Amino acid sequence: MLPLAAYADRLSVRPGETIRFHAHNATDAPVEGRLVRVLCADANPAGPGLQLEDIEFKPAKQSEPGPQQVPHGSYGVVSGAGALFANSFTVTCRVWPTHANQQIQSLISMVGQAGFALSIDPELRLSLKIAEQAQAAVMTPLSLRRWYMVFFRFDASDAVAEIGYVPLNNSPDALHGHGTQIDAAMNIEADDTLIFAATQSAGTVTQHFTGKLERPTVFGRCLSDAELTSLAQPEAVTEVRGAGACWDFAEAPQSSVIHDIGPDALDGLLVNAPTRAVTSSTWRGQAMHFVQAPAHFGAIHFHADDIDDCQWPVAFEWTVPEGTKSDVYALMLRAGDSEENVPFHVVPPRGTQSARIAVLASTYTYTIYGNHARLEYQVDKEWRKRWHTQVEQWGCYPHNPGDHVEYGLSTYNTHVDGSGISIASWHRPMLNVRIGYLTYCDEAIRGSGLRHFPADSHLTYWLQQQGLEYDIVTDVELDAEGYELLENYRVVLTGSHPEYHTSSMMDALEQYRDQGGRFCYLGGNGFYWKIAKSPERDGVIEIRRGEGGIRAWAAEPGEYYNQFDGEYGGLWRRNGRPPQNLTGVGFTAQGNFHGSYYRRTAASEDARVAWMFKNIDSDVLGNHGLSAHGAAGFELDRTDKRLGTPDHAIVVAASEDHPADAPWVLVPEELLTHISTWPGEDIESLIRADMTFFETDNGGAVFSVGSITFCGSLLTNSCDNEISTLVRNVVDRFLDEAEFVIPTPAADSEDGLVGH
């Protein structure tokens, strides 16, 4: 644990609203807090450096925080379930273990003075402990990633407990572990608590299970061998006759409630957001959506490292005064020699604006990437050493998520069992969403090595230097308010990497564009993945990495639909809404964090776009920059008419000369075989960023640059360079009241795409 760490309960706040900051402090020194406006979050001395401005307002201290813990591990809790175990009983549950470690993993436990825990031991043997004394184990271990029905039956007449399991295949016909018995008295109280996928000791939840559980059921009698074998048949997955309780995990997968379909409706609650809407023991590919065949998706995948809320106390809060400027801010904390910062955004009051320009902060993308432990840092000692050296030299934020997995990792990492982390939350410290956080260490040509939040400050700092007034709005407001949020802004600008969006966000941006808005997409690999929000809690977001896309992990077959909204997840392209349909360009290729430049096309001389290049003499654009030392780098987007690029779009410049040592790869959805591509072009020609412009209905227009590193070039030479001039020309023209007009299609254009 860090000596000082914190997080906010929200990433954006309006005047009159209160933002609260939760903290952990193990320094033995009191915590001091101050508020700053974040002008530039890039520590690179080649640029403006870190630029923070103290503001007149002070945060209100609510408590003196002390050392805290992070409550890892997901599980289910059913209160007052003890009456189910008053006499003879049988517990059954379908189990799919996915991880073996040095710890006991509890499957089902009853918390109380005379409770029990049905578990698997470090050797994956099914085991039972009663009242902290009597123990039994099945000597033949379970196998990973295979379904079993486990059982625990207790005969009250002679106080004998027995455990065992049945492998679930096409013809389960044998009880394994039959005869594993212990003599044990049961004395469970009616108000005792039943726990799935963990147990509790001395008030602490522990022994978390990693794997899937399906349909835990309690019968009020000791079932016979024949009955147990019958319950293991595939068709018996919905069998509940005679059950005192049966928790059907297929019901309401968007919820944290687990429903008991037994006579007493002993519903329970899930903690730490395990993965729902996952395939269960009878799934064979007959249905791909859990709505079509709920019984085939009646499992929950629990993980010992799930975390959705640190639950730390509130240390500071700030009720934003009326009239506070919309911008990027941060709470700066100090305790002894330890420091922490927590960025956030102040957005205008609903229905109002203080500027004609809106900058859309990609807070959902920040959260999805929150605590990304990068592979380079984890496996390359020399790379890690260089990172720490550069951090110290530049005065960057000193902590790396790779060293602090205790706060939970990102959806670009995997759980302990190798399954992908599909649920992210901002209710925990996100170490890479910090002022001065360095993603990549410098290797002479890479520049600042920034991504996401600190990289986006290149744009806001440039706007400040240009004297252009702007409001900050975020994904949170865009998702909740839709087009209403944007309709009165003349220009909307994105930052460097607006990658993750909900359906309502995409709807809002399309409506803004089509109603005459002027939209500038100033990044790369944007509008790529579809996400879903928890219907119960702000700040909890889901991603299913389905079929296609450059992916850190692949979703299990059949698990492509979001649990939170029931919609098909994965790429927006797989959902029929490619990025080209919104912005004219979409993700095509990725390399290492190296940048190159654009070259103007002949089409850029067209009168429709020539105004962009006023006071620019060179055909080469952006062969410099704080981000990867080039405006076109790392992840690149290109036009494609078949994916939605308008016929009348003009490619005004295209990138070239990308370093061969990157190496560069096409995104998987562009490849058909090792030698053929979906667009039909050769691989080399598809590795490019297309700087693109097109007019829209009602006098609007779209300008897209198609590169993650683009905004880093705005600040070169104190903002006096051709990229800065180009963007200023675009923003000025977009602010102008003169309407754009969609041209009549050129009769001599073979595909309608000018400059392609």
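Helices (H or I, at least four residues) and strands (E, at least two) are DSSP runs, numbered from the N terminus. I start my notebook with that, since element names turn up in nearly every entry.

**Entry 1: ground rules**

I am looking at a predicted model, where local features need pLDDT of at least 70 and side-chain atom pairs count only at pLDDT 80 or more, while totals for chains, interfaces and linings use all residues. Residues are numbered from 1 along each chain as its sequence is written, and side-chain values use heavy atoms, with hydrogens and water left out.

I looked up Phe634 and found it in strand S38. Its phi is near 70 degrees, a positive value in a residue other than glycine. Phe634 is buried at 2% relative accessibility. For my own use, buried means under 20% relative accessible area, exposed over 50%, and partly exposed in between (1.4 Å probe, protein chains only).

Ala273 also has a positive phi, of about 50 degrees, although it is not a glycine. I located Ala273 in the loop between strand S22 (268-271) and strand S23 (275-278).

**Entry 2: salt bridges**

How many salt bridges does the structure hold? I noted 41, with a salt bridge taken as a side-chain nitrogen of Lys or Arg within 4 Å of a carboxyl oxygen of Asp or Glu.

I picked out Arg577 and Asp507, whose side chains meet in a salt bridge at 2.8 Å, N to O. Arg577 sits in the loop between strand S35 (540-543) and helix H9 (579-583), and Asp507 in helix H8 (residues 503-514), so this pair ties together parts that are 70 residues apart in sequence. Arg577 is buried at 17% relative accessible area, whereas Asp507 is partly exposed at 39%.

Next I checked Arg600 and Glu605, which form a salt bridge at 3.3 Å, N to O.

Lys641 is partly exposed at 36%, and Asp647 is partly exposed at 38%. I also saw Arg14, Arg350, Glu481 and Glu484 joined into one network by salt bridges that share partners.

**Entry 3: the nonpolar cores**

A nonpolar core here is a set of buried Ala, Val, Leu, Ile, Met, Phe, Trp, Tyr and Cys residues joined through side-chain atoms within 4.5 Å. The largest one has 104 residues, and Leu493, Tyr598, Phe703 and Phe710 touch the most other members. Helix H11 (residues 722-735) gives the most to this core, with 7 residues.

Leaving out residues up to four places away in sequence, Phe710 touches Leu522, Tyr598, Ala631, Met691, Val705, Ile723 and Val727; contact means heavy atoms within 4.5 Å.

**Entry 4: the largest pocket**

I noted a volume of about 620 Å³ for the largest pocket. A pocket, on a 1 Å grid over the protein atoms alone, is an open set of points where a 1.4 Å probe fits, with protein on both sides within 12 Å along at least five of seven lines; lining residues have an atom within 4 Å of a point.

Which residues lie nearest the centre of the largest pocket? Of the 28 lining residues, they are His372, Arg374, Glu376, Tyr440 and Gln590. Helix H3 (375-379), strand S36 (586-600) and strand S38 (632-638) each supply at least two lining residues, and S36 gives the most, with 5.

I found Leu666 in strand S40 (residues 665-666), and Leu666 is buried at 7% relative accessibility. Leu666 and Leu636 are 30 residues apart in sequence and 9.6 Å apart in space, C-alpha to C-alpha. Not counting residues up to four places away in sequence, Leu666 touches several others, among them Thr588, Ala589 and Ile687.

Asp697 belongs to the loop between strand S41 (690-695) and strand S42 (701-704), and Asp697 is partly exposed at 43% relative accessible area. From Asp697 to Glu739 I noted 42 residues in sequence and 9.9 Å in space, C-alpha to C-alpha. Beyond four places away in sequence, Asp697 touches Arg513, Asp514, Gln515, Gly516 and Ile742.

Conventions:
Points joined across faces, edges and corners; volume = space filled by probe spheres on them.
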